[in-house]
Structure formats: structure tokens, C-alpha cells
Amino acid sequence: MDRRNRANQLRRNKKDLVLTEKRRLGSRDGPPHLVAVLSLHAEIDAGAVTKLLRGEGAGGVVHREEFVSGISDSFGLILPRFKQRFIFLKTSMADIHSLLDVAKIADSLLFVLDPTEGWDSYGDYCLSCLFAQGLPSHALVCQGVSGLPVKKRVESRRALSKITESRFPDARLFPLDSEQDATLLLRHLGSQRQRKLGFRSRRSHLLAQYATFTPNSPGEGSSGGPTGLGTLCVSGYVRGRPLRVDRLVHISGHGDFQLSQVDAPADPLLLNLTSRPTKPGKGGEVEMDGGEAEAPVRLLMKADPSCRESLQAEAEVDPMEGEQTWPTESELLEAEEARKKKHVMKVPKGTSDYQATWIVDEDEDNNGDEDEESSSDEDDMLDEPMDGDDEDNNSQEPGSDYGSEDEEEEEEEVCSTERPGADQRYDEHMDKAAEEEGLKRYREARANEIFPDEVDTPLDTAARIRFQRYRGLKSFRSSPWDPMENLPLNYSRIFQFQSFERTRRRTLAEAAAEQEGAMVGWYVTLHVIDVPISVMESVQSGRPLILVSLLPHEQKMSVMHLLVRRHPSNTAPIKSKEELVFHCGFRRFRAAPIFSQHTSADKHKMERFLRPDAPTVVSLYAPITFPPAGVLLFKQRTDGVQDLVATGSLLSCDPQRVVLKRLVLSGHPFKINRRSAVARYMFFNRDDIMWFKPVELRTKWGRRGHIKEALGTHGHMKCVFDNQLRSQDTVLMNLYKRVYPRWTYDPYVPLSLPWIKGEDPVEMDDLDME
């Protein structure tokens, strides 16, 4: 009974919390209801909708025109009848990025449809972006339906409802031709259920209602000229979570900045239920007068430099951190003595020095164990030669494993005189002209049947030089790969978590429990310091200004991974390390990512192109962002239009995620004798064959094998497989190397131009596959 009572209390508290948040939006204690008006058709003017909503017949009082900084068609609306207040702004469809930024913070979206077509191709493109990013609460309106005859009016609404079912299956279509229709629409907007977007409900954000820029004085830093810095004062309503002055703020499209103080000016859209409209405002509108004088600006919070978060995005790089001292004379002498005392072992023919170091000297191990008795069987084992794959490896006599240095040098000399003779005899039976002609025909025949990741071995460069950064793996799934090995210099500039998931849960829990700072619904003025004047120029050009308070660590750079899927409207190839435009949560930036497969293994194969049929992981250098957050990828054409290429979500932050690029070398079986075969065209000299001899071979038909020995000096090699080879088979060798993204992060995103009317958004410019 106690557990049941506890569960009921928790359920009741959550229900009360949801109802409180719903009632607070638009009320006197919460921020005004922010509504963005969007036109989804080029022939429809959204200004007619905002003009009708301004009318006093809707039961509202327009407080002030141009209520949002930078947007001319915006106004504040007070509805004493509904005890609510609204902010309406008409969003320009010219820039898709500004449209998405407004949709991230809007409480409701008001879509204006065409009475016959609904939306055009560009409107459908905008809807695709909005759905992928996360669509807030919305409403559909249509004008011009009431002017039709009664019979055609019903048919028009039925046809329009059928069109909207594909995108909005449960949405209601509102006509908007009279003041009564406007009143019903406002009632619906104020009472509809609000959709929660995870990335904005966990962070404090603000839409600039009013912005001013004050250049820094010469003593404060920059001169404050056209390229100087200054203090940006932004006024607006706090939304999402309480805002703290010691946290960093992110301005969409411009970067991260610090706050110096937070002021509390008078609320310009005060909902005073006892007031009456008494005096005309700007442009003939009526303003609300509560009977009190305008309150002075109060200082709420002032930042403490010792507690304020730093703007440091990259770790400090110490170039001498990896240096080590030169060994002393005594250490060099000890190393020389140890080298002279080293035992010389005879090993099977073809064993390299690196492979020989792994052969355990059991005699030394047994001598070091005083308590262990050495049996006669172990003594006999030390005298036996190592088994090889053929009879040549058994040519050494028993008891000849250990010898002096003179015997070792004598054996190497004998081998060095015998091998060139055998190679010369093999080369005498080879026709070089026929070999070159056969290689040319072989590559031409397989030009259209090349395997994925397959490359041709160059003729003018040694393969051990061309592919020196690659290595072979016995098993891509189970073979080890150290994630801290041979890291690039850029990894010294980034940050890493011991456990990103644990840090994310703790940070989000602390943010949800915070009750300090400027509370939600307060009208405040933020003093943002060291802001470039380009931010104010962007506002003056008509683009909205959005500020977001960052969580701890979200200004630091790391390797972020995004899980995306190719958008069906895009068919052009997207190459890895190609510069793209990203929308990740509130951030908007440019970067050159790499693509890889989405698996649960510890190694992931790199994809050269963005696949259209499977989810792909996108890895890039970017500021840390705690999920959940939606992700959109755009690619800019040469004509300035930016196409949506992929959508998805934020996956994780993990610099140790290993992404391997695969490279396949191919050869042709020249002669086949049961399980043995002579392969050619994979290498073209003997040294390359000996270099890649430890790497396992595979074939197109599933056979596995290894290189046994080199034949001649022109790239022929004898291979042994687990079963008989077929003449139409192809010998393959897989090589791998770890790849990293390029450091091209740039928070500035250029203006995106809309499509020309009548242009098909699906057709993209062809790209050169080279």
C-alpha cells in the first residue's frame, strides 16, 4: 500500500508539473506564446494572416510593432479575454537556416497553405527540414476558402485535407477569412498541447526582442571599428530553463561568448488584467497602461570572473611534452653488452628479424627457474627444428638450432648466393613484353568489375612505400587495434571524457535541478561581451538573433559522432571529407566529416561515400553537445542553394572510436596446382612480396591462404590456400589504416538562397566522382 501510494503521489506531481508548464506559457507568470508564421507556397502572402490577427475584432490589443529585433513583420498581442499574450513574427523563407533557427525556439508554427495546391516544391523541402529537426506544436490555416460558392467550398476543403494527410494526418485545417476565424485560431493556439523538444527544454534560450551594440573603448581591447569587438545588449524573455550569468551563451551562427551582467528592465508586454486601453501607441495601435510608472532597470546578476566559465575551446598543446632525453654513455654501453650477449638462433627459412624476436628461448626460461626440474623431454624439444609449411623448412639437421655468430654469417652468405641464382633462372623463362601486355589486358578487362576499395599497385613506386601506413588484420572483428596508437597532432587540441554517458546524465540532472538565476518568463537584458560587430550587422540585415545558454563543457572541442540516414530527395554522391553544413541542436557550423559503418564492434569500416540504403555514422571535430539533439546535413551548390542531404541524431562523443580505411590489392592466379598457385600482378618486385608476406590472402570465391615464397624478381609469388583454387578466381589482400576527420570547423555559415520558382528540388548538380 505504501508503494502504491508513493507511485500515485509521483504520478500526481508529474501531472501537476505538466499542467503548470502548460498554463504558464503565455500567461502573466510565463513567457509570451511565440508563434512563427510560415508560408508554404510562393503565391501565398503570410502578411495577410498577420494583418488579420492584428485586428481588434479578435479581442486583442496590439502592443507594439516590430516586436522582434531584425524582423519587421512582428508584433506583440495581448488577449485579456483569454488571459494570454502572444508574439507573432512572419519568418522569411529566403534563408532556410534562419527558418530553422526560428523553429527551434518557437512555441507554435502557423503554416499558411494554398487553397488548391497546399504547398509547392520549396514548401515541401522546408517541411522535410522541419520534421527532421523536430517539429513543435503547429496549426494549418488557409485563406480564400470562404469566398468560393458553397458547393465548391466543401470540395476545396476536402481536397486540401487529402493533400495535408501525407504530412499532417491528425491536424485540423482552420479557415482564416474573418475576425471570428482569427479568434478561434488564437483560442486553439493558446490551448493546444505543446510538443517538447529535448535539446531546447534542457537549456535556457532567448529570442532577441531588442538589441544594441556598444563598441569597446581603446582601453578595453579592440578599437571598436568595423572589425572590432564590443558589448551586445540583448533583451528578451527567458525560456526553457533558468539562466545563469556565469554560463556561456551561444549565438547561432556566430560562436560562444561570455556574459558580464543581467538586468531586469520593464516588461514591454505586461499582462495586467485590471488595466484598460487608454492611450494610442505607435501607428494608431492601443497600448496597455497598468497605471504605474515605468519601473527603472534593475541589476539582477553580475558575473564573477573567478567563477565564470572559460571560453577555452582547445587544449593547450605543449610541443615538448612527448620529448625524451638522450641515453647516457653508461646506458649505451649496457645496451651494447646486452646485444653482444644475445643468443643467435637458427630459424626457418624466410623468417624475418621481427618474427624471430617472438620465438621464446626456452633454455633461458628453464635456467632462471631454480625450483623447476628440467626433464629430458624438454631438452629434446630444444634440439628439434621448427616445423614449416613445406619440405624446405625441414632441411635443417636436428641439433643445429644454436650456433656461433660465424656459423650464422656463413649460412646467410650461402643463402644470399643461392637465391639470386634461382631468381635469375626463373626470370630467364619469363617474357617481359608478354607480361606487360597481359597486365594491360587484365586491368582493362577488370575496369568495370573492380571490387569495392580495390586499388591497383603502382608500377613506378614500391608497394611497401606507397602503402607503408597500412597493415594487415587476421580478423577485422577480433584482431586488436590500440586506439591510442599514432594519434595525429589535432588530438592534442581536443578534450575527452572518461565516461561520456555518465557525464551526460550528471550534467543534465544538475541542469534540471537548478533554480538559480533569471527564471523562466522574466524579461531580461543580457550584456554579452567581446562580440564582433558582424553579429549586429546580421540583425540589421533582417536575420533573427537567438541566444542559448550552454551546459558545462559544451564549448570544448572533441570528436563528435552523428548517426544519420540519407535523405530520399538527394541523389548526388556525397564524398567523405567533403565540406558540409551542419545543424546540430542549436549549433550551426561547417565541417569536413568522415563516414563509417554503424556497428557494435570496436573497429568500424570507413565508407568513401554516404550510403543511401543504410544508416551511417558521421565523425567530425566539433564542440561537445550533450544528446538528445537533432542533426541536419546540407551541401552547398555552386549557385548558392543548400540542399538537404541527410538527417539523424547526435550519437556520442568518443575520440577513441577507431575508423579504419580498407584497401584491397588484387592479383591473378597464373598457375594452379591443387592448393598451391602462382599469383602475379599484385606486386612487381621481390622486396614488396617479402614485406607483405605475413598478411593473409583471400579470394573472391572464399578461399584463404598465405604467401609462401617469391619467384623471380618481377612480382610472381607462390601461394598456398585452404582448398583448390579456380582459374576465374581473384587473389585479394586486405590492408587497413586508421583515418581521422579534417579540422575545418567554422561556425560561420553563408546565406542560403531559395530555389527559383518552378525548379525541381530533387535534381542536383552532377559531381565529379574523381
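Which residue of β25 is the bridge partner of valine 581? In this predicted model, where local features need pLDDT of at least 70, side-chain atom pairs count only at pLDDT 80 or more and totals for chains, interfaces and linings use all residues, the partner is phenylalanine 634. Residues are numbered from 1 along each chain as its sequence is written, and side-chain values use heavy atoms, with hydrogens and water left out.

Strand β25 covers residues 630–636; strands (E, at least two residues) and helices (H or I, at least four) are DSSP runs numbered from the N terminus. Six of the seven residues of β25 are buried, buried being under 20% relative accessible area, exposed over 50% and partly exposed in between, with a 1.4 Å probe and protein chains only. Strand β20 (residues 580–584) runs antiparallel to β25 and is joined to it by four bridges, where pairing requires that DSSP finds at least two bridges between two strands. Strand β26 (residues 642–653) is also antiparallel to β25, with seven bridges between them. Phenylalanine 634 takes part here too, standing opposite leucine 644 in β26.

The loop between β24 (616–623) and β25 contains proline 628. A cis peptide bond, with omega about 10 degrees, joins proline 627 to proline 628. Most peptide bonds are trans, and most residues other than glycine have a negative phi. Lysine 577, in the loop between β19 (557–566) and β20, has a positive phi of about 65 degrees. With 28% relative accessibility, this lysine counts as partly exposed. Asparagine 486 likewise has a positive phi, near 50 degrees, and is found in the loop between α14 (463–466) and α15 (500–513). This asparagine counts as exposed because its relative accessibility is 62%.

Attention now turns to a pair of helices. Helix α3 (residues 96–105) packs against helix α4 (residues 121–133) at about 45 degrees, with the axes 11 Å apart; axes are lines fitted to C-alpha atoms over the stretch in contact, and angles run from 0 to 180 degrees between N-to-C directions. That angle makes α3 oblique to α4, since under 35 degrees counts as roughly parallel, over 145 as roughly antiparallel, 65 to 115 as roughly perpendicular and the rest as oblique.
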